[in-house]
Structures are given as structure tokens and as C-alpha cells.
Amino acid sequence: MNKIKYIAAVLIAIAGFGLQQADAFTSDLNVGNTAISGFTGPYGTVTITLVNSTTATVTFTSNTVNGNIYLFGDGGSVALNVNATTFSVSNITGSNAGTGFTPGPWTQVAAGNEDGFGDFNLRISSFDGFTHSSDTISFTLTNISGTWASDADVLAFNADGFDAAAHIFVTTSPANASNSALATGFAGEGPGTNVPDGGPTVMLLGVALGALGLARRFIMR
């Protein structure tokens, strides 16, 4: 009987982990301003995972479409409209799998405008221009003024209807710093583009809940 209790405890922990991991969504940076609107989006994705009621991890990931890759860089490299009166940003990291790039360093800058998509209360800039751009930028976001009920609660639409944006460099894929950029502009993530995480975390949730159900049947015998 004690073994059954231990097995049940482990399975419950797995189920809880599955529930936590499934609590994430990925949104598309699906709208480009005039400077890059001639290139097919989406230009990148924004993934937000709530770690606890006051802390979330945020990752911007570039997309490759029709032979072009969209990199994040320069002033206003990435931006969010955070659903909090006061918040802090830490652990800013980034990378670029292309050739000849030196990503970053990255700095949180004053709230302001991302061209064509309105004002955002969180903006992160990268040093210099194209050769310091990134294909991934991640950071930790902490709510100082309150709590978030879910990952979907972390952001709020600004006055122009956008809750995330990025400064985009368009270049041919695979990225090479010596090729320079074909164009540079901004992209935003607007209403209707938030979708549940449909990847491995959701599968993990299903497995965890299934295992929990089997354990319950075994214990009830």
C-alpha cells in the first residue's frame, strides 16, 4: 500500500508539472509597418510563460519566411505593453545562429513608441545595428505592483491595439552579417493572434493527466 502511495504522489507531481508547463502561449508578430510590409509575415513570435503569480519568462523568436529571416535589433529591438503599474526586467539574453554577428548587449530603455504600433511601457534595445541583431531575445519579467492570474494576463493592449512589437531587420537566410539588411522596420502583435501553446507542453499535460487517471483506477481496486 505504501508503494501505491508513493507512485500516486509521483504521478500527481507529474500532472502538476504538466499543468504548469501548459500554461504558456505563443503570439505572432503578424503586422509589419510600411518599411517591411512588402515582406511576408509573421515576422516573429512572442512566448510568455508564467512561472508564478508575479514572474514570467518572455522569449522573442525570429521567423524565416520565403527565404528571408527577420532579426531583432537596434533601438526598440523588442517591446511589450505590460499589464502592471510597476515591474522589473532581469536576465536579458539573446543569440544569433547566423554568421558574423555579435548579438547585444541589450538594455532596458524608456517607455516609448515602436514606429506604427503606438507606445509600449517596456522596451529593450540592442547595441548598434544589424551586426548586433539577434534571432532570439529572452528575459524575466517581474510584477512589482500586483499579480497576474495567468500568462494571458501579463500583457495588455495599448491605445493602438497592440501588446508586443519588435524592430526588424530583414535579411536572406541563413543570416550572414556581411550581407547586410534588405530592409528594416517594425512589426507588431495585434488582437486575435494569441494562441495556446500546441507543442510538447500540451502533450506533456495529456500524458500527465492520463497517468494520473490510471493511478487512480489502480488505487481504487
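**Aromatic pairs and nonpolar cores**

Both phenylalanine 130 and phenylalanine 169 are buried in this predicted model. Their rings have centres 5.8 Å apart and planes at 65°; because planes over 60 degrees apart count as edge-to-face, the pair is edge-to-face. Distant parts of the chain are linked by this pair, since phenylalanine 130 lies in the loop between β12 and β13 and phenylalanine 169 in strand β14, 39 residues apart.

In total, five aromatic pairs were counted. One of them joins phenylalanine 101 and phenylalanine 130, whose ring centres are 5.2 Å apart and whose planes stand at 75°, so this pair is also edge-to-face. Phenylalanine 101 is placed in the loop between β8 (87–95) and β9 (106–109), 29 residues from phenylalanine 130. Phenylalanine 101 is buried, as is phenylalanine 130. Through ring pairs, Phe101, Phe130 and Phe169 form a cluster.

The largest nonpolar core comprises 34 residues, of which Phe60, Leu80, Leu122, Phe139, Leu141 and Ile168 touch the most other members. Strand β14 (residues 164–172) contributes the most to this core, with four residues. Apart from this core lies another, of seven residues, including Leu71, Phe130, Ala175 and Ala177. Beyond its neighbours within four places in sequence, isoleucine 168 has contacts that include Ile36, Tyr43, Tyr70, Leu71, Phe72 and Phe186.

Threonine 45 belongs to strand β3 (residues 44–52). Its relative accessibility is 14%, and threonine 45 therefore counts as buried, the limit being under 20%. When residues up to four places away in sequence are not counted, threonine 45 touches Thr26, Ser27, Asp28, Leu29, Thr59, Phe60, Thr61 and Asn63.

Terms used:
Residues numbered from 1 in each chain as written. Predicted model: local features only at pLDDT ≥ 70, side-chain atom pairs only at ≥ 80, totals over all residues. Heavy atoms only, no water. Core = buried A, V, L, I, M, F, W, Y, C linked by side-chain atoms within 4.5 Å. Buried < 20%, exposed > 50% of the residue type's maximum accessible area, 1.4 Å probe, protein only. Helix = DSSP H or I, 4+ residues; strand = E, 2+ residues; numbered from the N terminus. Contact = heavy atoms within 4.5 Å. Phe/Tyr/Trp six-rings, centres within 6.5 Å; stacked < 30°, edge-to-face > 60°.
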